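Here is a short briefing on a predicted model. It covers a surface patch and the salt bridges.

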Amino acid sequence: MIPSRYLLGLVLFASAPAQAAAAAQDACPPQGIDAGTLQRLKEQKFAIEDTATRNALALGLPGCLSSPDPALRDGIAYEALAQWMRDDQLDVATRRQLRDLLLVMLVESDADGFRRPFAALVLSEVARTDRITPWMSPKERAATVEAAVDYLESVRDYRGYADAQGWRHGVAHGSDWLMQLALNPAFERTQLEPMLKAIASQAVPESAHAYVFGEPGRLARPVLYFAKRGWLSEAEWVAWFGELPARIGDPAKAYSDTVWLARRHDLMAFLSAIYLEADQSDDMQIKALKGPVVMAMKAVP
């Protein structure tokens, strides 16, 4: 267990006045706690027996999601929040407050490029808790879909992994968020179209960034789970996939333009990821994607 002198810092943080806790949400490490305490907490697999202390610290860790230090950002803040939520160790009030904090982070300035992608990644874990044990209202879920769609469509920072800095991975993290929504039976058919539109916008990004960090495969996963729901007919899937090749650009530039080539690369990687999963799947709804995907592939120059 964490020695008492380190645990004291966590207890003091949990009992801080509201204004101090609010300030701590932008600090990393949270005010009243040092990096050594957080590292010892990680070594103890983020075990905090006191419920109030654990929930309070969960609301203090989002500030570390912006940290340029991957050990704090990814290895402690994200891992702790994900573990606590997957182990059902954060109460609903905390999850709701955490969600609201993260939604604000999505629209804040992010010069270093870590804040928004990691807020989206933790929001995927928040969404997962509602999928496992429903706690959001229909209105809250609708707002979640809107926020996830807006985020994924807005990504223009395509940095993935960088030595020393670690991950940013905005498109992949946004895709993970949509995947959790796709898996949630409480979401409705009417919410499918904007989510598919967001996926299409990044399957062939306008900026013509060539993906190299597995983004097409991550974008494919929510599509597979949408198919599993059986919401779209084969003709509707043919139409959706059929619109993607036009996003590559002017056919006259085929194989003679770097922008065109980058877009073709991304689209073929996305279609190939879906085809491979559909080919190996035992689910007939997912397997039925093979035909529409092949048609789209054949339409790509």
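## Surface patch and salt bridges

F213 sits in the loop between helix 10 (192-203) and helix 11 (215-229); helices here are DSSP runs of H or I with at least four residues, numbered from the N terminus. The model is predicted: local features need pLDDT of at least 70, side-chain atom pairs count only at pLDDT 80 or more, and totals for chains, interfaces and linings use all residues. Residues are numbered from 1 along each chain as its sequence is written, and side-chain values use heavy atoms, with hydrogens and water left out.

**Nonpolar patch**

- F213 is partly exposed, at a relative accessible area of 31%. Partly exposed lies between buried (under 20% relative accessible area) and exposed (over 50%), with a 1.4 Å probe and protein chains only.
- Together with Y161 and V212, F213 forms a nonpolar patch on the surface. The three share about 280 Å² of accessible area, computed by the Shrake-Rupley method with a 1.4 Å probe, where only the protein chains shown count as cover for residues.
- Patch members have over 30% relative accessible area and no salt bridge; nonpolar side chains (Val, Leu, Ile, Met, Phe, Trp, Tyr) are joined within 5 Å, like charges within 9 Å.

- The whole structure holds 16 salt bridges. Each is a side-chain nitrogen of Lys or Arg within 4 Å of a carboxyl oxygen of Asp or Glu.
- One of them pairs E140 with R99, with the closest N and O atoms 3.0 Å apart.
- E140 belongs to helix 8 (residues 138-154) and R99 to helix 6 (residues 92-105), so the pair ties together parts 41 residues apart in sequence.
- E140 is buried at 17% relative accessible area. R99 is buried too, at 8%.

**Salt bridge between D157 and R159**

- D157 and R159 form a salt bridge, the closest N and O atoms being 2.6 Å apart.
- D157 is partly exposed at 30% relative accessibility. R159 is also partly exposed, at 39%.

- R218 and D176 meet through their side chains in a salt bridge of 2.7 Å, N to O.
- This pair links distant parts of the chain: R218 is in helix 11 and D176 in helix 9 (residues 170-183), 42 residues apart.
- R218 is partly exposed at 22% relative accessibility, whereas D176 is buried at 9%.

**Network**

How values were computed
Helix = DSSP H or I, 4+ residues; strand = E, 2+ residues; numbered from the N terminus.
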